[in-house]
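Please read them with the structure open.

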Amino acid sequence: MFERPQAGERAVLVHLALQAEQQQEEPQEFRELALSAGAEPIAVVTGSRSVPHPRYFVGSGKAEEIRDTVRELDADLVLFNHALSPVQERNLEQLLQCRVLDRTGLILDIFAQRARTHEGKLQVELAQLKHLSTRLVRGWTHLERQKGGIGLRGPGETQLETDRRLLGDRIRQLNKRLEKVQRQREQGRRARKRAEIPTVSLVGYTNAGKSTLFNRLTESHVYAADQLFATLDPTLRRLELADGQKLILADTVGFIRHLPHDLVAAFRSTLQETRDADLLLHVVDASSPEREANMEQVNAVLSEIDARAVPQLLVYNKIDRLDDTPPHIEYDEQGLPWRVWISAQSGAGLEQLREALAARLDRGRVCHELLLPVAEGRLHALLHEVGKVHREQVDEQGNWLMTVEMPRPEWQSLDKHHGISNYLARNDEALRLAAGSEAP
């Protein structure tokens with residue numbers, strides 16, 4: 001159903017500098033996208049316009065130049081580093097006599113090639129169908145013909161209407177399946193919240209080194225390569241820090257400039273891991289000259305999925321490509337780590353990153369020693385439910401001496417409803433109880 005460039009297809013790349021665009025596309029990034037899709041770029045046609053041409057996007061003269069290049073080099077397809085309207089795509093294909101794909105279609109194709117899990121394939125198909133629904137007219141030359149035949153004569157419906165109806169049925173079916181997968185993911189998230197295990201999600205521009213860092217930290221073997229969108233399907237692994245604190249680390253799809261809205265919508269359930277995370281590790285390619293612009297683009301996508309308010313720890317990766325930049329941690333005004341310089345490839349700075357993670361996740365947790373009377377059995381059960389009990393002893397009267405750790409909001413809630421601060425153990429009582437419990 002879908003037009004996918006096969007490996008080795010000869011492609012002509014078209015890039016225009018549009019004065020009307022505030023954020024210009026990068027030609028080198030587009031070339032890497034084409035390579036990631038399996039195309040073989042054989043020529044690049046560039047130009048500039050104030051605004052796109054309504055018929056061909058490029059001007060008529062530039063369109064003829066592209067046509068001559070396609071014929072001369074015997075190209076199989078033309079890739080535009082811009083979003084084309086369905087009409088522009090159809091007009092260009094008629095003029096160039098070869099397939100034409102815009103930036104959105106190219107990204108969708110890469111995602112279709114990389115999807116491995118059932119959920120990933122459903123999400124990509126949904127995004128492709130939504131994109132294809134606006135371009136159905138391209139594939140038909142008999143749209144005016146009505147269904148006919150014995151017993152079927154009458155108004156009927158055109159072939160285009162039939163296809164749109166079938167496409168709508170398939171989209172509704174995919175949405176139902178994805179809702180079921182989303183409910184299953186939600187159950188897993190609720191279980192992790194009940195277990196008080198924080199979730200840390202890796203985010204960043206595509207090819208920033210997220211999967212390489214994920215493999216280093218968790219000793220996993222997630223596919224990692226020096227190409228755009230090497231990771232598509234989310235992966236979760238348990239990670240234990242030096243202080244014994246456990247967390248769930250999630251590797252997610254990379255972001256890119258002008259990520260198709262249909263794709264963001266289709267992957268919303270996957271990106272939910274990012275929105276519900278306790279901390280985001282924003283991985284940045286420190287060697288990229290576009291790193292500041294890439295960071296802005298990542299934050300723009302985070303805002304689109306309502307994850308901008310989640311705390312971030314910046315991880316400047318690939319310092320092995322920089323001169324005289326050792327691994328180190330930078331702290332903010334409150335003394336919290338906010339930026340870590342590392343190399344996931346060589347492993348330099350990983351200990352500093354673990355240290356920064358522990359500091360950021362420990363923030364907002366309290367640890368207290370309590371002396372609970374025997375009558376507070378319900379509060380004792382609640383402490384085991386919402387907190388982490390490090391130590392517990394019982395005296396002869398049945399009172400509990402407990403060392404409990406929990407998030408600060410949970411402590412404040414227990415203090416409001418149960419007055420738990422009234423049971424903070426004084427040192428002499430704690431020592432007396434400890435001594436009593438050790439006596440024969």
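1. Basis. This is a predicted model, in which local features need pLDDT of at least 70 and side-chain atom pairs count only at pLDDT 80 or more, while totals for chains, interfaces and linings use all residues. Residues are numbered from 1 along each chain as its sequence is written, and side-chain values use heavy atoms, with hydrogens and water left out.

2. An open sheet of 4 strands runs 2-1-3-4, with parallel pairing. Strands here are DSSP runs (E, at least two residues) and helices are too (H or I, at least four), both numbered from the N terminus. Two strands pair if DSSP finds at least two bridges between them. Strand 2 (39–49) and strand 4 (99–101) are the edges; each has a single partner strand, so one side of each lacks a neighbour in the sheet. The twist averages 20 degrees from one strand to the next.

3. Strand 1 (residues 9–18) and strand 3 (residues 77–80) run parallel and are joined by 4 bridges. Val 12 has Val 78 in strand 3 as its bridge partner.

4. Helix 1 against helix 4. How do these two helices pack? Helix 1 (residues 27–36) and helix 4 (residues 103–114) pack at an angle of about 40 degrees, with axes 9 Å apart. Axes are lines fitted to C-alpha atoms, for helices over the stretch in contact, and angles run from 0 to 180 degrees between N-to-C directions. The pair is therefore oblique. The cut-offs are: under 35 degrees roughly parallel, over 145 roughly antiparallel, 65 to 115 roughly perpendicular, the rest oblique.

5. Who touches whom there. Contact means heavy atoms within 4.5 Å. Ala, Val, Leu, Ile, Met, Phe, Trp, Tyr, Cys and Pro count as nonpolar, Asp, Glu, Lys and Arg as charged, and the others, Gly among them, as polar.

6. Helix 7 against helix 11. The axes of helix 7 (residues 210–218) and helix 11 (residues 350–362) come within 11 Å and cross at roughly 80 degrees. That makes helix 7 roughly perpendicular to helix 11. Leu 213, Arg 216 and Leu 217 meet Leu 350, Leu 353 and Arg 354. The contact divides into 4 nonpolar, no polar and 2 charged residues.

7. Strand 8. Is strand 8 covered on one face or on both? On both: Leu 279, Leu 281, Val 283 and Asp 285 are buried on one side, and Leu 280, His 282 and Val 284 on the other. Buried means under 20% relative accessible area, exposed over 50%, partly exposed in between (1.4 Å probe, protein chains only).

8. Its partners. Strand 5 (residues 199–204) runs parallel to strand 8, joined by 5 bridges. Ser 201 pairs with Leu 280 in strand 8. Strand 8 also pairs with strand 9 (residues 312–317), in the parallel sense, over 6 bridges. There, His 282 has Leu 314 as its bridge partner.

9. Pro 373. This residue lies in the loop between strand 12 (365–372) and helix 12 (377–386). Pro 373 is partly exposed, at 29% relative accessible area. Pro 373 touches Asn 399, Trp 400 and Tyr 423, not counting residues up to four places away in sequence.
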